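Please look through the briefing below, which is meant for someone meeting this structure for the first time.

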Amino acid sequence: MNQSEINVQSTALKEANRLMTICNSCRYCEGLCAVFPAMEKRSSFFEGDLNYLANLCHDCGACYSACQFAPPHEFSVDVPTNFAKVLSESYETYVWPAFLAPMFLRNGVKISFVAAICLVFFLVGFVGWNDSSDLWSYNIGPGAFYRLMPHHMMVFIFGTAFSYAIIAGLFSARKFWRDSKDNFDNRTHVRNFWSATKDATSLRYLGGEGLICSVSENVFNDRRRLYHHFTFYGFFLCFLSTITATFYHYLLGREAPYPWYDFPVILGIAGGIGLIVGPLGLLWEKYNNRKIKKALGMDVAFLVMLFLTSLTGIMLLILRSSPAMGILLFIHLGIVFSLFITMPYGKFIHGIYRFLALVRFSQER
């Protein structure tokens, strides 16, 4: 018996094993999404299989609405609720470094705010040590931000935090990929990644292969798909804004802040709007969802930090020519720093796991 065949231990995984055994006998939902065709390729379910299936699930609720064995039936089959619990546990299973998992998972929002506040106080103290009046002075024109905080210091702090997020994410993704290893064709082709990219960016399985999302019994809507798109493409546009600003700084010698009509600002505004509407909508849907009332863990913390990053960024854009610019800049940078160091422990890494699960599903097909 190899590592992937060790019997599941947690209550959520044991329940997932029971549910998948029932579903594998019924197969009524095999056309709804990717979970059930992937399930049917397995005659038994080990821990890696169940984590793979849980990350493949898009939590649309279509199977719950269609299931003849759903509560109050004695079989009590509720796959979305159970997979939400397995998904939450998979953060801790695959996170790197592992010893940090309990701290982040149980206190996600608190840890995020503490990290942001600590950096804000550090930056305010750094400037105030020399001349506290600089915090409330007018700083306008190119290079205004760097008069408060040197560019090389900004690059070091946030480059280190972002590098840590990338390294931790890669180690976690590697562990998930190895654990989901199947007994089929293990060769991965470019077409598998292309198929997964199309499925992920279109959220193909969020509505059960064309059906809309079931948010509660007999209540259906497609808002979660819309909010996910706002969040994903908002994040992508903000990333493009950062890349463009880096290009301006190092290759064109142009320093921030830039005029409102310039590409970094236009991309940042568009992305910022997406990262306000999307996270707010997802938080609203989360707390009105019948399936599970989640604690303030890292799945919530990531959405909160995305929202606050965009909100403070837009406020900084609007008030950058006022005396409030310095304080707003440091608040914004503190939240961005917190977002970076907590990314590998919450919803962001789940997005990577889901993409890899879609790659694996394409590979199995």
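**Overview**

Of the contacts (heavy atoms within 4.5 Å) in the protein chain with a separation of 6 or more, 76% are between residues 24 or more positions apart. This is a predicted model, in which local features need pLDDT of at least 70 and side-chain atom pairs count only at pLDDT 80 or more, while totals for chains, interfaces and linings use all residues. Residues are numbered from 1 along each chain as its sequence is written, and side-chain values use heavy atoms, with hydrogens and water left out.

**Fold and surface**

- The protein chain holds 15 helices and two strands, where helices (H or I, at least four residues) and strands (E, at least two) are DSSP runs numbered from the N terminus.
- Of the 365 residues in the protein chain, 51% are buried, a term for under 20% relative accessible area, with a 1.4 Å probe and protein chains only.

**Nonpolar cores**

- A nonpolar core is a set of buried Ala, Val, Leu, Ile, Met, Phe, Trp, Tyr and Cys residues joined through side-chain atoms within 4.5 Å.
- The largest such core has 48 residues, of which Met149, Phe158, Leu329, Phe330 and Leu333 touch the most other members.
- Among the elements that give two or more residues to this core are helix H7 (108-131), helix H9 (151-179) and helix H14 (325-342), and the largest share, eleven residues, comes from H14.
- Leaving aside residues up to four places away in sequence, Met149 touches Leu123, Met154, Ile157, Phe158, Phe330 and Leu333.
- Another core, of 46 residues, lies apart from the largest one and includes Ala38, Phe83, Val86 and Val359.

**Backbone features in loops**

- Most residues other than glycine have a negative phi, and most peptide bonds are trans.
- Pro71 and Pro72 are joined by a cis peptide bond with an omega of about 15°, and Pro72 is placed in the loop between helix H4 (62-66) and helix H5 (79-94).
- A cis peptide bond with an omega of about 5° also joins Ala256 and Pro257, the latter found in the loop between helix H11 (223-251) and helix H12 (263-287).
- Asp59, although not a glycine, has a positive phi of about 60°, and Asp59 is buried, with a relative accessible area of 18%.
- Leu203, likewise not a glycine, has a positive phi of about 50° and counts as buried at 11% relative accessibility, in the loop between helix H10 (190-202) and strand S1 (213-216).

How values were computed. Buried < 20%, exposed > 50% of the residue type's maximum accessible area, 1.4 Å probe, protein only.
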